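Please read this briefing with the sequence and the coordinates side by side.

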Amino acid sequence: MFFERPESGERAILVHIEMADEAEQESPQELEELALSAGADPVEFLTGSRHQPSPKFFLGSGKLEELRALVHQHEAEIVIFNHALSPGQERNIEREIQCRVLDRTGLILDIFAQRARTHEGKLQVELAQLEHMSTRLVRGWTHLERQKGGIGLRGPGETQLETDRRLLRARIKSIQRRLERVRRQRDQGRRARRRAEIPTLSLVGYTNAGKSTLFNKITAAEVYAADQLFATLDPTLRRIDVADVGSAILADTVGFIRHLPHKLVEAFRATLQETVDATLLLHVIDCHDEERQGHIEQVHEVLAEIGADSVPTLQVYNKLDLLRDQPPRIDRDDDGRPVRVWLSAVSGAGLDLLAQAISELLADDIFHQTLCLQPGEGQFRAQLYAQGAVLSEQVDELGQIKLDVRLQRKDMLQLLSRLGLDPERYMAVAVH
């Protein structure tokens, strides 16, 4: 929205500097994947190391000169830093190398802007972009920064900047009001699901872990899935059937990334609320990725930031087809509860194990026993069949109906209450 996007990929120079005082370094490979996802054409990768960034240019004078030469040599159209730059650093570097500069946060925002499809998603992206760009607004008006004396050189200067800032603030407030309406609508939907006691499963994980591919396999949906970062931006919800539980809602959400910009976490809080309110999180992990453990930790950090770290989680180790001689399996804890499922969303291997694990974790209080009904209890029998709770039926010589019944205990209690039947008569026998 802030610049015209060329039809072909912009020639880009990528910059990654190792900082000695940074405990967690960004990944150069991830920067390249982000740039490709944004549609850039990386022509050169400038690397180096420093103890700490230069306050004025982030880079040292030698690296800055090297960068200027690379821009000239390749006729680069944009320079992308794998770091967060201050507005002043961006302006100073641009002035020195005469080329547009984008930092890591701006790059991720640009990818989000391309991926947004729904009205809510577009609003959230625009809000994050406006808040990010508001501090950088001065770059477009550097020729008017100061009011100068002389004929034809007086005003508007700061007045123009203040006008633009005021327009920005008004636009930000307008978007925030519209997003608040969207949040209220989402809250109504979540409250309705809670009243109906429909559990929600939320797919979370590092970007490009295979969440959308898995979502499509489970739901037979056609959500956009691609081998690129942030292929999914807008949340998609589908109803699925879970054995012993019944209907459930499966939500596909935006992928997380290392040091996800705080502006994005704030802007996408309404979307991520599906994760906070979920009954069970399915944490999808690329088991073939060498950075697997680091990505798991990054996802945990974002979950903690949005308040979803206490939601029960099942780890789903995806892309098993990329590992040799590894059959699908369920890993369990000391109590026998599923904690990890190994599968391949592409080939479909292990999807039955995932369904089994989800059923075990959600259906933790099952009523399963044989009921003896009299011929006059036809309405009760019909309701049990309507809920799909009858596994088999036999009639003895006395005309008694023996039903092998299996359903959630709370559903059984609700059914008995609705029909005015005594729970003690039907539920006194121990569950088997």
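The points below concern a predicted model, and they are grouped by topic.

**Helix H2 and its surroundings**

- Helix H2 covers residues 61–74, and at 1.5 Å a residue its 14 residues should span 20 Å, which agrees with the 20 Å that separates its end C-alpha atoms.
- The buried residues of H2 are Leu64, Leu67, Leu70 and Val71, and because they fall within an arc of 120° when the helix is seen down its axis, they line one face of H2.
- Ser61, His72 and Gln73 are exposed, and they sit on the face of H2 that is turned away from its buried side.
- Packing against the buried residues of H2 involves three strands, namely S1 (11–19), S2 (41–50) and S3 (78–81), together with helix H3 (87–97).
- After H2 comes Glu75, a residue whose phi is positive, near 50°.

**Nonpolar cores**

- The largest nonpolar core holds 30 residues, and within this core the residues with the most contacts are Ile80, Leu107, Phe256 and Leu303.
- Two or more residues of this core are given by each of the strands S1 and S3, and likewise by each of the helices H1 (28–37), H4 (104–115) and H10 (292–306).
- When neighbours within four places in sequence are left aside, Leu107 is in contact with Leu31, Leu34, Ala35, Ala38, Ile80 and Leu102.

**Strand S9 and its partners**

- Strand S9 runs over residues 313–318, and five of its six residues are buried, so the strand is largely enclosed by the rest of the structure.
- Strand S8 (residues 280–286) runs parallel to S9 and is joined to it by six bridges, with His283 standing opposite Gln315 of S9.

Conventions
Residues are numbered from 1 along each chain as its sequence is written. This is a predicted model: local features need pLDDT of at least 70, side-chain atom pairs count only at pLDDT 80 or more; totals for chains, interfaces and linings use all residues. Side-chain values use heavy atoms; hydrogens and water are left out. Helices (H or I, at least four residues) and strands (E, at least two) are DSSP runs, numbered from the N terminus. The expected span of a helix is 1.5 Å times one less than its number of residues. Buried means under 20% relative accessible area, exposed over 50%, partly exposed in between (1.4 Å probe, protein chains only). The arc is that of the directions from the helix axis to the C-beta atoms. Contact means heavy atoms within 4.5 Å. A nonpolar core is a set of buried Ala, Val, Leu, Ile, Met, Phe, Trp, Tyr and Cys residues joined through side-chain atoms within 4.5 Å. Two strands pair if DSSP finds at least two bridges between them.
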